[in-house]
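Reader: Hi! I'm new to this one, could you walk me through it?
Author: Happy to, here it is.

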Amino acid sequence: MVLKRKKNLADLFADLNAVISAYFFKAPVKKMITLFATVINLPTGEATFLDYGHNFPLKISINGEITELKMINVPIGVLRKMRKKEIDKFIINKGDTIVFYTDGIIEATGNTSEQYGYNRFKENLLEVSNNNSNTIMNSLIANYNKWKDGTEPDDDVTLVVLKRLST
């Protein structure tokens, strides 16, 4: 099994792409996967990441500055052989927060055709970013639910909030 071998993110993604693309080019399947993966060294906060077509996670510094963990790539499975990308790096300092989310949140529509939107999501995140991860997540979900106004979700909704403790 691939995951049992020690591989870096780039090699792991290349292997996954080979498997997914083998099915992507066969009708009627034609599937692909957007994927973001990160490895964080917990004692130092140093991290590496790769992103293949997924929403850019948001890193919020303790002083309220938002940074997108941005990398432009096509989703896994779109190309038979993907170009090996360089792994990017970031540091999550004490007190910083990272929010991972799916497009089902920002592209959600409620009773209108207007989307919840990336800017609304970021504004809500900034308002609550000084709280613990549970409070941040609950606030983001509450605002999403308010926007949906009782309508069914348009897509999957996934939200992960990581906060590095200050102590």
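This is a predicted model: local features need pLDDT of at least 70, side-chain atom pairs count only at pLDDT 80 or more; totals for chains, interfaces and linings use all residues.

Reader: Thanks! How many salt bridges are there?
Author: The count comes to 3, taking a salt bridge as a side-chain nitrogen of Lys or Arg within 4 Å of a carboxyl oxygen of Asp or Glu.

Reader: Which residue does Asp96 meet in a salt bridge?
Author: Its partner is Lys59, at 3.8 Å from N to O. Asp96 sits in the loop between β5 (88–91) and β6 (97–101) and Lys59 in strand β3 (residues 58–60), so the pair ties together parts that are 37 residues apart in sequence. Strands here are DSSP runs (E, at least two residues) and helices are DSSP runs too (H or I, at least four), numbered from the N terminus.

Reader: And are those two buried or exposed?
Author: Both Asp96 and Lys59 are buried. Buried means under 20% relative accessible area, exposed means over 50%, and partly exposed is in between (1.4 Å probe, protein chains only).

Reader: Nice. Which residue does Lys70 form a salt bridge with?
Author: That would be Glu68, with the closest N and O atoms 3.5 Å apart. Lys70 is partly exposed at 47% relative accessible area, and Glu68 is partly exposed at 29%.

Reader: What about Arg120?
Author: Arg120 forms a salt bridge with Glu114, and the closest N and O atoms are 3.5 Å apart.

Reader: Switching topic: what is the strand order in the open sheet?
Author: The order of its 3 strands is β1-β2-β5, with antiparallel pairing. The edge strands are β1 (35–40) and β5, each pairing on one side only. Two strands count as paired if DSSP finds at least two bridges between them.

Reader: How many bridges join β2 to β5?
Author: There are 4 between strand β2 (residues 46–52) and β5. Ala47 stands opposite Phe90 in β5.

Reader: Last one: where is Asp155?
Author: Look in the loop between α4 (133–148) and β7 (159–163). Asp155 is partly exposed, with a relative accessible area of 36%.

Reader: Which residues is Asp155 in contact with?
Author: Leaving aside neighbours within four places in sequence, Asp155 is in contact with Asp103 and Gly104, where contact means heavy atoms within 4.5 Å. Asp155 and Gly104 are 51 residues apart in sequence but 4.7 Å apart in space, C-alpha to C-alpha.

Note on methods
Residues are numbered from 1 along each chain as its sequence is written. Side-chain values use heavy atoms; hydrogens and water are left out.
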